[in-house]
Amino acid sequence: MSTMLNTDAPLIDHLPDTFKASLSDTARTKLASLEAGREMWLLPPLVDLCARLREPGQQQHGTLKSEGCAARANGFLHVVTPPDTNPILENGSLLKGLRERALEDGGIYLHILGALTAGLEGERPSNIAGLKKGGCIAVSNARRPFANDLVLLRTLEYAATFGMKVFFYPDESSLSGDGVAHEGYIASYHGLKGIPWIAETVALSTQLLMVEETGIAAHFSQLSCKSSIELMRWAKDKGLPVTCDVAMHQLYLTDDNLEGFNAQAYVLPPLRSNTDQQAIRRGLKNGTIDAICSHHEPLNSTAKKAPFADCTPGISNFDTFMALACQLVNDDVLTLEQLVDKICLNPAKIAGISTQYEHIGGAVLVDPNIEWQVTAQSMLSNGKNTPFFNQKLQGRVVETFFG
């Protein structure tokens, strides 16, 4: 696959061989009938390393059906979800039913991160053996803190005995506290409590040292600042078994977007500075950052109506993801081949689902030039909470070929 597809060649020729075989005769006929010379992209299915579908426990914001259907229509066939639902995902025997409902109701393959500690309370390990038996792809404590570093160490040692990968969302709670925005001029000007960049980097530093000590495979999700990217580069150069991702909105938004108390841009980890954003883009381009996730967090219409510090953090990202991905190619941040690695192939490897991913197959047809406006009607997710609302974006999934 190349940056500029050869429009004289059939679209299917640009799909990896393992995915060509999964396409039905009907799909092949439809692809062959597309207008010659029209620039279209045919990609493998998208894999999302972090999305909250709001079920179980927060169905007022979204359901497996609503968010699964939105994910599928926007190219995501495989979705990884964190354990901080209600109830917490710590009972391995209940996970099969959740995956089955995600497939039946929403048409997506749900891949579950089990709770790393009991109740996500950070005090003692969860039943990791039971979670592994229940089909968890990895374990995580989400953004919840650990009681102390010794608990973290012993918990990682315990997870390592079962060969379980750990997903981290680095945050040192003693530094981030009840902050709601990146600590800087914008937060200060608006009188908002800040979250310093070091809250992420201190946690990341500790976690990387723990990985080195225990040898456990680890993935670091939603990194947001320059120093974190530098630490990940150090860890990879050292040969540690680590990968990382960044949320798509961090590549386009900064704390400047909070101006005027714009609650639609309130997300955790917070939008950082322009310097941080440029470092993230460089890290994406040079391979330090392995993947891009949606960090999809749909919210109902009232969740953003309170004063900024009291409203609920989160951005609904399934519907805008592909347009922003297309912009990364248009802006020469990534080649198309690199983009496929970041949103399809690498996430499947990180989640440990590559064999299943290739066996299920499928394809996503993208028109990178189509222009559309972000409105309540054009968004398929139940959550209309996006800072891109009413903006015109370019690029969208126009059809999916999923079995």
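This is a predicted model: local features need pLDDT of at least 70, side-chain atom pairs count only at pLDDT 80 or more; totals for chains, interfaces and linings use all residues.

Residues are numbered from 1 along each chain as its sequence is written, and side-chain values use heavy atoms, with hydrogens and water left out.

Q: What is the order of the strands in the open sheet of eight strands?
A: Strands here are DSSP runs of E, at least two residues, and helices are runs of H or I, at least four, numbered from the N terminus. Two strands pair if DSSP finds at least two bridges between them. The pairing in this open sheet is parallel, and the order is S2-S3-S4-S5-S6-S9-S10-S11.

Q: Which strands stand at the edges of the sheet?
A: An edge strand here has a single partner, so one side of it is left without a neighbour in the sheet. That applies to S2 (46-48) and S11.

Q: Is strand S10 (residues 242-247) largely enclosed or left open by the rest of the structure?
A: Buried means under 20% relative accessible area, with a 1.4 Å probe and protein chains only. Val 242, Cys 244 and Val 246 are buried on one side, and Thr 243, Asp 245 and Ala 247 are buried on the other. Six of the six residues are buried, so S10 is largely enclosed.

Q: Which residue of S11 stands opposite Val 246?
A: S10 and S11 (residues 291-293) run parallel and are joined by three bridges. Across from Val 246 you'll find Ile 292.

Q: Which helix makes a right-handed β-α-β unit with S9 and S10?
A: S9 (residues 218-220) pairs with S10 in the parallel sense over three bridges. Right-handed means that, with the strands pointing away from the viewer, the path from the first strand over the helix to the second runs clockwise. The helix in this unit is H10 (residues 226-237).

Q: At what angle do the axes of helices H6 (residues 149-161) and H9 (residues 197-214) cross?
A: Axes are lines fitted to C-alpha atoms, for helices over the stretch in contact, and angles run from 0 to 180 degrees between N-to-C directions. The two axes come within 10 Å and cross at roughly 40°.

How values were computed
Buried means under 20% relative accessible area, exposed over 50%, partly exposed in between (1.4 Å probe, protein chains only).
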